[in-house]
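User: Please take a close look at one part of this model for me. I would like to follow the charged pairs.

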Amino acid sequence: MSRTIARWLVCGVLAVSALPVAANSRARGSSNKNPVNVAQQLYQAWHLKSRKSALKIADKEAVEKLFGVRWRLMKFDGCNQRDEGGFECIYRDAKNDFSMAMILDGGVSVGGYNVASLRFSTEE
């Protein structure tokens with residue numbers, strides 16, 4: 001490959017990656033194609049107090065609700081497919097009899113999953 005073509009390719013990639021992303025869209029990478037990964041990424045973002053990271057994989061309302069609660073150590077209890085579509089992923093804090101359910105929508109065919117909402121056992 002000539003240097004001119006290589007420079008053009010590098011410049012073209014940089015120019016495309018610098019384009020602004022719409023406010024509602026998420027950068028859905030390969031890790032977003034698995035609901036377990038998405039749930040674990042959101043829990044990790046909460047632990048690290050990174051709203052920015054959380055907003056890449058969850059709706060704003062879900063992020064605000066999650067970050068409105070103090071982080072606690074919880075055990076991941078897995079994800080189950082819902083009859084309505086999507087997945088429900090559960091985290092449990094056995095010590096305090098507290099759980100959190102993340103509702104994920106999307107799918108591989110639409111570029112990946114995201115957390116659409118979440119609820120806490122104290123709301124039931």
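Analyst: Arg-82 and Glu-84 form a salt bridge, with their closest N and O atoms 3.4 Å apart. A salt bridge here is a side-chain nitrogen of Lys or Arg within 4 Å of a carboxyl oxygen of Asp or Glu. Arg-82 is partly exposed at 27% relative accessibility, and Glu-84 is exposed at 63%. Buried means under 20% relative accessible area, exposed over 50%, and partly exposed in between (1.4 Å probe, protein chains only).

This is a predicted model: local features need pLDDT of at least 70, side-chain atom pairs count only at pLDDT 80 or more, and totals for chains, interfaces and linings use all residues. Residues are numbered from 1 along each chain as its sequence is written, and side-chain values use heavy atoms, leaving out hydrogens and water.

The structure holds six salt bridges. Another one of them joins Glu-123 to Lys-65, with 2.8 Å between the closest N and O atoms. Glu-123 sits in the segment after S4 and Lys-65 in helix H4, so this pair ties together parts 58 residues apart in sequence. Helices (H or I, at least four residues) and strands (E, at least two) are DSSP runs, numbered from the N terminus. Glu-123 is partly exposed at 45%. Lys-65 is partly exposed too, at 29%.

Asp-77 and Arg-92 also meet in a salt bridge, at 2.7 Å from N to O. Asp-77 lies in strand S1 and Arg-92 in strand S2, so the pair ties together parts 15 residues apart in sequence. Asp-77 is partly exposed, at 43%. Arg-92 is partly exposed, at 41%.
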